[in-house]
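Let's walk through this model together, one neighbourhood at a time. Keep the viewer open and follow along as the text moves from a single residue out to the whole chain.

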Amino acid sequence: MITLGLVAAGAYAPTAPAFAARPTANRAGHTQRSSDTDAAARTLEVRYANAHWNWTAWNDSAPVAPGRAQPNYECAEFVARSLAAAGLVPGLGPNDPQNGYRAYSAPNGKVYDLLLISVLPQYNNLYAYLRDSGVGQDVGEQLGQAQPGDVVVTYLGTNGTASHTGLVAQAATATGEAGVDAHNNARLDYGYHYYAPSHLVRLAPNALSEVWGWAAAQRALHPAQPLPRRLPTPSATAATPSATAATPSATAAVPSAVPSATVSVPATASPSPAATATATGTATGTGSGLAEPGPAAPGIVDPGPIELGPLDPAAAQV
């Protein structure tokens with residue numbers, strides 16, 4: 001049984017149980033559980049999108065007027081945070097710092113720039129994460145299939161590549177098309193046709209269970225990856241010496257070949273190639289959804305609790 005993280009009443013709970021499974025052995029019961037989970041995930045995505053469509057920045061609720069630019073909170077970040085609000089980005093919450101999205105260290109060992117939808121060879125963008133994790137299924141130009149919580153990707157970039165993205169917030173009706181929430185510029189329930197030419201990236205059936213199952217499987221293949229969790233606070237990243245001896249798990253986290261007197265526990269991991277590329281990128285953000293890579297921001301990896309006993313002065317003589 002997989003423990004899932006969801007947002008409940010606006011608070012992100014990365015280890016809280018999602019939904020209690022109904023005891024049943026038939027396919028109908030399984031379908032019902034999947035349907036309930038899907039509906040909840042979609043609702044949480046749209047709830048976040050509707051509440052943040054006109055924010056100036058992820059941490060600045062000052063509203064911008066409809067159709068105005070949001071250079072500090074662009075389209076891919078808006079969609080990624082909506083996904084995270086539903087627990088669909090293991091290890092990230094909707095209110096985590098921007099650097100966590102710019103250099104997201106995923107369970108599969110890759111680093112993704114979730115602020116980016118445009119295609120750049122040195123980056124794994126938001127679309128790549130949706131594809132690799134199995135959260136999204138690209139069904140092409142299928143406007144009639146659009147449901148709240150699905151992602152729309154516009155293809156107006158160079159050579160027909162991805163250039164913009166938004167989140168479907170309303171399904172089509174007999175008298176109107178589906179509505180899309182998006183950023184940069186600020187849009188609420190905007191007509192789906194505005195995003196043409198586009199592909200619909202449909203939320204995978206039972207996406208919440210799928211993505212956490214994917215995370216567990218990838219951790220088995222990439223044991224160096226940490227368990228998905230929220231980004232640690234600065235106080236949580238520093239290893240504080242204590243009077244207790246190092247436990248076996250802490251010993252495993254520190255190379256045995258290094259003398260105890262010289263051991264230091266870094267708060268952050270070394271930047272991956274993709275994160276390093278982020279530091280040197282020169283692309284600028286635009287309304288098309290191309291995010292500014294900005295300064296170096298390697299994915300933050302919490303090595304877990306590590307307790308180091310006080311150093312023995314005799315052992316320190318090397």
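Glycine 87 is buried, with a relative accessible area of 1%; buried here means under 20% relative accessible area, exposed over 50%, and partly exposed in between, using a 1.4 Å probe and protein chains only. You will find glycine 87 in the loop between α2 and α3 (98-102). Helices (H or I, at least four residues) and strands (E, at least two) are DSSP runs, numbered from the N terminus. The C-alpha atom of glycine 87 is separated by 8.9 Å from that of leucine 44, and the two residues are 43 apart along the chain.

A word on ground rules before going further. This is a predicted model with residues numbered from 1 along each chain as its sequence is written. Local features need pLDDT of at least 70, side-chain atom pairs count only at pLDDT 80 or more, totals for chains, interfaces and linings use all residues, and side-chain values use heavy atoms, with hydrogens and water left out.

Now to the sheet. Strands of a sheet pair through backbone hydrogen bonds, either parallel or antiparallel. Here 6 strands form an open sheet in the order β7-β12-β8-β9-β10-β11, and the pairing is antiparallel; two strands count as paired if DSSP finds at least two bridges between them. At the edges sit β7 (136-138) and β11 (187-191), each of which pairs on one side only. From one strand to the next, the twist averages 35°.

Let's cross the sheet in that order. Strand β12 (residues 198-203) pairs with β7 over 3 bridges, and glycine 136 stands opposite leucine 203 in β12. β12 also pairs with β8, over 4 bridges, with valine 153 opposite histidine 199 in β12. Further along, strand β9 (residues 164-170) and strand β10 (residues 179-182) pair over 3 bridges, and valine 168 stands opposite valine 180 in β10.

β10 then pairs with β11 over 3 bridges, where the bridge partner of glycine 179 is glycine 191 in β11. β10 and β11 form a hairpin with 4 residues between them, and asparagine 184 in the turn has a positive phi of about 50°.

Two helices deserve a look. Helix α2 (residues 75-85) lies across β8 (151-154), β9 and β10, running at about 40° to β9. For such angles, axes are lines fitted to C-alpha atoms, for helices over the stretch in contact, and values run from 0 to 180 degrees between N-to-C directions.

Helix α5 (residues 207-221) has 15 residues and reaches 21 Å from its first C-alpha to its last, close to the 21 Å expected at 1.5 Å a residue; that expected span is 1.5 Å times one less than the number of residues. Its buried residues are Ala207, Leu208, Val211, Trp212, Trp214, Ala215 and Gln218. Seen down the axis of α5, these fall within an arc of 150°, so they line one face of the helix. The arc is that of the directions from the helix axis to the C-beta atoms.

Buried residues make up 43% of its 318 residues. The average pLDDT (the predictor's confidence in each residue, from 0 to 100) is 73, and 59% of the residues score at least 70. pLDDT stays under 50 over residues 1-32, for which the model has 53 contacts beyond four places in sequence; contact means heavy atoms within 4.5 Å. Residues 227-318 also stay under 50, with 124 such contacts.
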